[in-house]
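Here are a few exercises to work through with the structure in view. Try each task yourself before reading its solution.

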Amino acid sequence: MNKQGKYGMFLHILGLLILPVQISLLIIRVITGKEKLERIFERLSIASDDSKDDLIWIHCASVGETVSAFSLIDIILKKKKNSCFLLTTGTITSASLAISKMEQYNHFSEKQIIIHQMLPVDNLIIAKKFITYWRPKLGIFIESELWPSITFAAKIYKIPLIIANGRMSSRSFSRWKKFGWIIKNMASCFDLVLAQSEQDSENFKKIGFKNVKLVGNLKYYLKDDHIDLELDSKISSEIGDRKLIFAASTHQGEERERPRGAQRRPALAPARHHRRPLPRSNRTRLGQARGAGLRPRLLPRIHARRRRGR
C-alpha cells in the first residue's frame, strides 16, 4: 500500500471512530446557539438544495473570508458570466452574511448563481457524500481553513483544489509542523496556493505545499457595490475631527485591554461580532462596519486626521 493509500485508510478509520463524537458535538452546538437546527443536516452532507452542473465550490470559514469570497466571485464572473457557485461557510454569522449577499446575485439573474450550504464535518465518510452529491469542477479554500478529510475526498474524485488569499501565520505554521505526516499529505491535495504575503508564501512552501504564488489580499479588490456607502458616510460624519483608536478583529478577552498611552478604550469590530456583551464604554457603531462590508479605505482617512492632529 502506497503512502496515499495509508493516509486514506487512516482517515477512513478515524472517521468511523469520531463520527459519534462529531454528531454529539453538533447537538451541543445547536443547544448552545452555535448552529441552526434547520441547517444541522447539511453538516452531515444531507443537502438542502439541488445540485447543478459545473459548480465552482468556494469555502470560507468566517465573516472576513466570506467578504473575500464575494470579491473572488466577482472576478470569476467577469471572466465567465455563466459560472455557478457552491458557497460553504463554517459559522452561522458567516452563513447569514453569505445569504444576504448572494441574494443580490440571484435576484437579478434568470438562474441561481450561488448556492449556500454549511460545510460538512471533517470526516471522510461524510466528505465523500458531499463531493459525490455536488460534483464541483473546482474547489477554492479561502485563507487558511484546511480540513484533511474534506480535501482528501476531493482528491479521490480528482477535483482540482486551490487555496486563494492564502494565509499561514507563524502560529499556524508552528501548529501544522507538529502534524508533519498529515500536513504533507494534505498539501499534496492542492494544485495551487495564492498567498497574501511573502511570509505566507514561504510558510506554505516550508510545510510542503507546491506551486505557491504571491498575489496579495483579495479583500482589497472589494467592489463598491458591496460597500454600505450610507454607513461609511455616517461613520465618517460621527467621527468628525476626533482622534480614534480602532481595534479590528478582536477576540474574547482583548476588548478590555487599553493600548499603552491611550486615554480611552478603542472602538471595536470583534472577529466574531455576534459576541456579546461588550464593555459598555466600547460599544460603537463602528462595530457594525465589519459585517456591513465597510471598505478598508475609511481607516487610512481616520489615520490621516489623527496625524494632522485634528
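Helices here are DSSP runs of H or I with at least four residues, numbered from the N terminus. This is a predicted model, where local features need pLDDT of at least 70, side-chain atom pairs count only at pLDDT 80 or more, and totals for chains, interfaces and linings use all residues. Residues are numbered from 1 along each chain as its sequence is written, and side-chain values use heavy atoms, leaving out hydrogens and water.

**Exercise 1.** Find the helix that holds S149, and work out whether S149 is buried or exposed.

*Solution.* Next, the cut-offs: buried is under 20% relative accessible area, exposed is over 50%, and partly exposed is in between (1.4 Å probe, protein chains only). S149 has a relative accessible area of 3%, so it's buried. Now look around it: skipping neighbours within four places in sequence, S149 touches L11, D122, N123, L124 and A127 (contact means heavy atoms within 4.5 Å).

**Exercise 2.** Describe how helix 4 and helix 5 pack.

*Solution.* Take the angle and spacing first: about 50°, with the axes 8 Å apart. Angles under 35 degrees count as roughly parallel, over 145 as roughly antiparallel, 65 to 115 as roughly perpendicular, and the rest as oblique. The pair is therefore oblique. Finally, pick out the residues that meet: L124, A127, K128 and I131 from helix 4, and S149, I150, F152, A153, A154 and I156 from helix 5.

**Exercise 3.** Which residues of helix 1 are buried, and what do they pack against?

*Solution.* List them first: Y7, G8, L11, G15, Q22 and L26. Then check their partners: the buried residues of helix 1 pack against helix 4 (124-134), helix 5 (148-156) and helix 7 (180-187).

Notes. Helix = DSSP H or I, 4+ residues; strand = E, 2+ residues; numbered from the N terminus. Axes fitted to C-alpha atoms, helices over the stretch in contact; angles between N-to-C directions.
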